[in-house]
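Subject: Structure handover

Hello,

Here is the structure I said I would pass on. Please open it first and then read the notes below it.

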Amino acid sequence: MRKTIRKAAAAFAAAAAIFCATVPAAAVELKTGIGIVEAGGLRLRAQASTDSDILANAGYGDNVVIIRESGDFYLVDYNLQIGYMSKDYITFKDRENVELGYGRVIESSVHLREKPDAASASLTQLAYDEKAYIIGFNCGWYKVEYSGLTGYIRSDLLELTEKPIANSGGTYAETVSVADQLVSVAKSYLGYAYVWGGTSPSTGFDCSGFTKYVFAQLGYSLSRTAAQQLGDGTPVSELKVGDLVFFNNTYSTSAAASHVGIYIGDNQFIHAADGGVKITDLSNPFYASRYVGARRVL
């Protein structure tokens, strides 16, 4: 039965991907569908493994926002927590009427479109930090209500601010820190390409584009460049998981910092560099000789 469910879900998701081919790549990467939990106590895990830490237990019929597939798991947003759930027990929907609560605009200006299409007429514009009430999902777009209007906003342009109205509270198996959640999100992009100027999974990441993107997934805003991020948060000498770690002279520049990563514990940091997003030991001679300090944002 489990294999049958998995095959059906995979077929449905594949069909949805073809139907959604016109959606911008960034939107598909960030939000691909709505998932309906088909088992009581479905575990939200920190990594795509049944051996990974349990972040929460979802109730039967709860809704999750599916970010993307990861092997036998979906990377999801469940009640404002990002983690992994087994695909065996989730029904995938690329279009669904669902109340997800309010979403906050995370760009300087976004269009409310008449239809879920970038070429569709703009009904109005929303400014940074304004909120729209999400009532549905359609092929990479949120269906929303805003100021008496009903339309669509691309799903990578809104950040959820509350758990879906129909969801259970979720039973937490253990307390998981924001720092651990941050590391979980960061590790989900291991192997993604390094691209100078890249700021998203669809384009690839440069070092500061990666840190800025990962922190944004948990609601934290960082400056754009490594040198600018050296001014974010507060300076620290004793490293904790989630701290930003900085290096200089990694390429020809006079900036105080030319490279940045996220400390993940055990004297290691995750960062975007030549070869893609990877984990490196702070004792690595290249980085150890160029280390300039750390900042704490969380």
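A polar contact, a term used several times below, is a pair of N or O atoms within 3.5 Å; within protein, one must be able to donate a hydrogen and the other to accept it, and residues adjacent in sequence count only if both atoms are side-chain atoms.

Some notes on how to read the values. This is a predicted model, where local features need pLDDT of at least 70 and side-chain atom pairs count only at pLDDT 80 or more, while totals for chains, interfaces and linings use all residues. Residues are numbered from 1 along each chain as its sequence is written, and side-chain values use heavy atoms, with hydrogens and water left out.

The chain as a whole

The protein chain has six helices and 22 strands. Helices (H or I, at least four residues) and strands (E, at least two) are DSSP runs, numbered from the N terminus. Of the 298 residues in the protein chain, 49% are buried. Buried means under 20% relative accessible area, exposed means over 50%, and partly exposed is in between (1.4 Å probe, protein chains only). Contact means heavy atoms within 4.5 Å. Among contacts between residues at least 6 apart in sequence, 59% join residues at least 24 apart.

Helix H3 spans residues 178-187, and seven of its ten residues are buried. The buried ones are Ala179, Gln181, Leu182, Val183, Ser184, Val185 and Ala186. What covers them? The cover includes strand E6 (81-86), helix H4 (207-216), strand E19 (259-265) and strand E20 (268-273).

Two packed helices are described by the angle between their axes and the distance between the axes. The axes of H3 and H4 come within 9 Å and cross at roughly 125°. That angle makes H3 oblique to H4. Axes here are lines fitted to C-alpha atoms, for helices over the stretch in contact, and angles run from 0 to 180 degrees between N-to-C directions. Angles under 35 degrees count as roughly parallel, over 145 as roughly antiparallel, 65 to 115 as roughly perpendicular, and the rest as oblique.

The crossing of H3 and H4 is right-handed. On the H3 side the contact is made by Leu182, Val185 and Ala186, and on the H4 side by Phe210, Val214 and Phe215. These residues divide into six nonpolar, no polar and no charged. As for handedness, a crossing is left-handed if the near helix is turned anticlockwise from the far one by less than a right angle, and right-handed if clockwise. In the sorting of residues, Ala, Val, Leu, Ile, Met, Phe, Trp, Tyr, Cys and Pro count as nonpolar, Asp, Glu, Lys and Arg as charged, and the others, Gly among them, as polar.

His271 is in strand E20. Is His271 buried or exposed? At 0% relative accessibility, His271 counts as buried. Its side chain makes a polar contact with the side chain of His259 at 2.8 Å, and another with the side chain of Thr280 at 2.7 Å. Leaving aside neighbours within four places in sequence, the residues in contact with His271 include Phe210, Val260, Gly276 and Tyr287.

In the loop between E19 and E20 is Asn267, which has a positive phi of about 65° although it is not a glycine. Asn267 is partly exposed, at 35% relative accessibility.

Leu80 lies in the loop between strand E5 (73-78) and E6. Its phi is near 75°, a positive value in a residue other than glycine. At 39% relative accessibility, Leu80 is partly exposed.

Ser86 is in E6 and is buried, with a relative accessible area of 15%. The side chain of Ser86 reaches the backbone nitrogen of Asp88 at 3.2 Å. Beyond its neighbours within four places in sequence, Ser86 is in contact with Asp72 and Phe73.

Asn63, in strand E4 (residues 63-70), is buried, with a relative accessible area of 11%. Ser109, in strand E9 (residues 109-113), is partly exposed at 38%. A polar contact of 3.0 Å joins the side chains of Ser109 and Gln125.

Regards
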